[in-house]
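Trainee: I would like to learn how to read packing in a model like this one. Please show me the entry and take me through it.

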Amino acid sequence: MSHASTLFAGKHALVTGGAGFIGSHIADALVEAGATVTIVDNLSTGFAAFVNPKARFEKIDLLDTTALDAAMKGQDFVFHLAANADIKDGLLHPRKDIEQNVVATQNVLEAMRANGVSKIAFSSTGSVYGEPEVFPTPENAPFPVQTSLYAASKVCGEGLLSAYAGGYGFSAWIFRFVSILGPRYTHGHVFDFWRKLSADPSKLAILGNGKQLKSYCHVEDCVEAIMTTIAKSESATRVHVHNIGRPDMLEVNQSVGWICETLGVTPELVYSGGERGWVGDSPKILLATERLEKLGWKPRHTLHDSVLATLRFLRENPWVADRS
Ligand SMILES: NC(=O)c1ccc[n+]([C@@H]2O[C@H](COP(=O)([O-])OP(=O)(O)OC[C@H]3O[C@@H](n4cnc5c(N)ncnc54)[C@H](O)[C@@H]3O)[C@@H](O)[C@H]2O)c1
């Protein structure tokens, strides 16, 4: 029996962002586990095609507190995945991260409080560590300086969950993800490179010097990590913080090589230069995952598998690029 089945069979679970990349995989796992699943999503970056047909779908914006409150009735557990997940362009619209990631998160917590729902899993990010001094970066590393509005808004979200846990007796599971790859991936470097190369295979613009080193994780490993953690965390603790990642990193240039090889193209590589791809880009990300591994979780997909699985999905589903 899977961890998700042990936990969620016969339960009601609400997934915000359940039409998005990671949230749709969470919703699938919950449906598979025998939960009654409600997906709340405004389809701003998600797709109706990703919504599990056995879930109830509510097209709701999390800033609409009345609709959110109605959807929350009768739920046992909330997976809060909805967010503005775009780090790079945060400075172009500085209120967006605050509205979508901070205000929306508090709206979710208030709807829970109003309906007597007290268990929540939250998708934070490894970007909260900014440019850390320690690699692999453990959960208890300090992060005094934020380098993006996105990460700042996720720190705020984590803070709200902790305060609701302390103040109102919520149980909160906070997950700090590295970049996630796999089927239904619709943003990030593999998507950008695939889209650019599909439009013009003779040239590829790369942000930074291509030497950025980042860790990635396959979405199936990510979902399994979340379910394992919730199943095995100590019930006495109200706030659980876990990194989700892999023990290795991938240089952007190496990823470019795999992508070009798979697509059968040999473009001229044009670098924008510098160690960082954009203001706030972290040139190195490697998260410590011992806390997760102690619970018995291990990633099953290699970095190579994960990049190729992502490309396979994009090539089979080119329509996902239409809206971008
Ligand atoms: N993908 C990654 O590599 C990664 C890494 C670290 C953290 N995360 C976090 O994981 C979560 C899921 O990311 P993703 O990659 O699946 O992104 P995504 O954009 O595919 O999914 C987000 C979903 O939330 C929905 N949404 C956004 N704002 C909403 C609102 N106001 N009301 C209702 N729905 C709304 C979108 O329509 C979309 O379906 C996010 O919280 C993101 O910050 C993702």
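**Contacts, core and helix packing**

Mentor: Contact here means C-beta atoms, placed from the backbone, within 7 Å. The model is predicted, so local features need pLDDT of at least 70 and side-chain atom pairs count only at pLDDT 80 or more, while totals for chains, interfaces and linings use all residues. Residues are numbered from 1 along each chain as its sequence is written.

Trainee: Which residues touch the most other members of the largest nonpolar core?

Mentor: A nonpolar core is a set of buried Ala, Val, Leu, Ile, Met, Phe, Trp, Tyr and Cys residues joined through C-beta atoms within 7 Å. Buried means 20 or more other C-beta atoms within 10 Å of the residue's own; 12 or fewer is exposed, and in between is partly exposed, with C-beta atoms placed from the backbone. In this model the largest core has 84 residues, and Val15, Ile26, Leu30 and Cys222 touch the most other members. Both domain 1 (3-180 + 218-244) and domain 2 (183-215 + 247-285 + 301-321) give residues to this core, so it lies between them. A second, separate core has seven residues, including Val128 and Tyr129.

Trainee: Where do the domain bounds come from, and how many residues of each domain are in contact?

Mentor: The bounds come from an automatic or database domain assignment. In this chain, 24 residues of domain 1 are in contact with 19 residues of domain 2. On the side of domain 1 that touches domain 2, helix 7 gives the most, with three residues. The centres of the two domains, taken over C-alpha atoms, are 26 Å apart.

Trainee: At what angle do helix 2 and helix 7 pack?

Mentor: Helices (H or I, at least four residues) and strands (E, at least two) are DSSP runs, numbered from the N terminus. Axes are lines fitted to C-alpha atoms, for helices over the stretch in contact, and angles run from 0 to 180 degrees between N-to-C directions. Helix 2 (residues 21-32) and helix 7 (residues 219-232) pack at about 55°, with axes 10 Å apart. The two are therefore oblique to each other; under 35 degrees counts as roughly parallel, over 145 as roughly antiparallel, 65 to 115 as roughly perpendicular and the rest as oblique. Among the residues making the contact are Ile26 of helix 2 and Cys222 of helix 7.

Trainee: How far apart are the axes of helix 6 and helix 8?

Mentor: The axes of helix 6 (residues 189-199) and helix 8 (residues 252-263) are 11 Å apart, at an angle of about 45°. Phe193 and Trp194 of helix 6 are among the contact residues, as are Val256 and Ile259 of helix 8.

Technical notes: Contact = placed C-beta atoms within 7 Å.
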